[in-house]
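Subject: Structure for your review

Dear colleague,

Please find below the structure I promised to hand over. My findings follow it, beginning with the overall composition and ending with a single side chain.

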Amino acid sequence: MIIVGIDPGMSGGVCYLVRNHGVFFPIIEKMPEDDVAIMSLLETFMSAKAPFFIEKIPHFIPGKNIMGSQMSKLTGNQRFIYGFLRGRMQCDVVQVTPQEWQKAIKTKWDLPKRASLTTSQWKNALRDVACNELSLSQKQLPLWAADAALIALHGMRSHFGSGV
């Protein structure tokens with residue numbers, strides 16, 4: 001069984017959780033910069049009929065001053081990937097908001113409120129959770145891959161139940 005988590009951001013990534021003998025192993029890839037490379041990366045796991053979970057980028061991100069060109073890139077990647085997977089590849093794709101996938105880990109891991117942390121502190125806290133959940137070291141899970149890994153874990157739990 002394979003579950004795919006996608007953080008479509010400019011410095012995001014793709015995390016494939018591959019189940020082997022009851023244990024999930026992550027395969028992590030950095031988000032490519034161009035559309036052809038993105039399609040090539042996603043086609044890698046098409047034959048496995050994996051469900052894809054992609055972060056749905058909100059139109060407004062509170063507390064962040066994001067330029068229009070950056071927001072365009074964020075939402076453009078998300079729309080392109082979603083359209084490619086649903087339309088061309090006919091895959092199951094679930095869009096999840098950051099609030100959805102972060103809610104469960106905040107509760108389970110008793111994370112501090114996002115507003116009380118800098119962006120760097122928040123990203124490090126998320127990576128620590130992902131490392132703990134997947135039994136990885138920080139060297140094995142780069143900071144840019146943490147969101148994708150947590151989205152994949154959220155997808156696994158929401159799709160197959162918390163006992164998986």
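Of the 164 residues in the protein, 43% are buried. Please bear in mind that this is a predicted model. The accessible surface amounts to about 8900 Å², and carbon and sulfur atoms account for 53% of that surface. Among contacts between residues at least 6 apart in sequence, 58% join residues at least 24 apart.

Overall fold

The protein contains five helices and five strands. Read from the N terminus, the order of elements is β-β-β-α-β-α-β-α-α-α.

The sheet

The five strands form an open sheet with mixed pairing, in the order S3-S2-S1-S4-S5. Strands S3 (23-30) and S5 (93-96) stand at the edges; each has a single partner strand, so one side of each is left without a neighbour in the sheet. On average, neighbouring strands are turned by 20° against each other, with direction ignored.

The pairings may be described in turn. S1 and S2 run antiparallel and are joined by six bridges, with Asp7 standing opposite Gly13 in S2. A hairpin of five residues connects these two strands. S2 also pairs with S3 in the antiparallel sense, here over eight bridges, and Val18 stands opposite Phe25 in S3. The hairpin of S2 and S3 has two residues between the strands, and His21 in this hairpin takes a positive phi near 55°.

Which residues of H1 are buried? They are Ile38, Met39, Leu41 and Leu42. Seen down the helix axis, these buried residues fall within an arc of 165°, so they line one face of H1. At its N-terminal end, H1 is capped by Asp34, a side-chain oxygen of which lies 3.2 Å from the backbone nitrogen of Val36.

Helix H3 (residues 98-109) lies across S4 and S5, and runs at about 75° to S5.

Asn77 lies in helix H2 (residues 68-88). Is Asn77 buried or exposed? Its relative accessibility is 4%, and because the cut-off for a buried residue is under 20%, Asn77 counts as buried. What does the side chain of Asn77 reach? It reaches the backbone oxygen of Pro8, at 3.0 Å. Leaving aside neighbours within four places in sequence, Asn77 is in contact with Pro8, Gly9, Met31 and Ile38.

With kind regards

Notes: Residues are numbered from 1 along each chain as its sequence is written. This is a predicted model: local features need pLDDT of at least 70, side-chain atom pairs count only at pLDDT 80 or more; totals for chains, interfaces and linings use all residues. Side-chain values use heavy atoms; hydrogens and water are left out. Helices (H or I, at least four residues) and strands (E, at least two) are DSSP runs, numbered from the N terminus. Buried means under 20% relative accessible area, exposed over 50%, partly exposed in between (1.4 Å probe, protein chains only). A polar contact is a pair of N or O atoms within 3.5 Å; within protein, one must be able to donate a hydrogen and the other to accept it, and residues adjacent in sequence count only if both atoms are side-chain atoms. Contact means heavy atoms within 4.5 Å. Two strands pair if DSSP finds at least two bridges between them. Axes are lines fitted to C-alpha atoms, for helices over the stretch in contact, and angles run from 0 to 180 degrees between N-to-C directions. Accessible areas come from the Shrake-Rupley method with a 1.4 Å probe; for residues, only the protein chains shown count as cover. The arc is that of the directions from the helix axis to the C-beta atoms.
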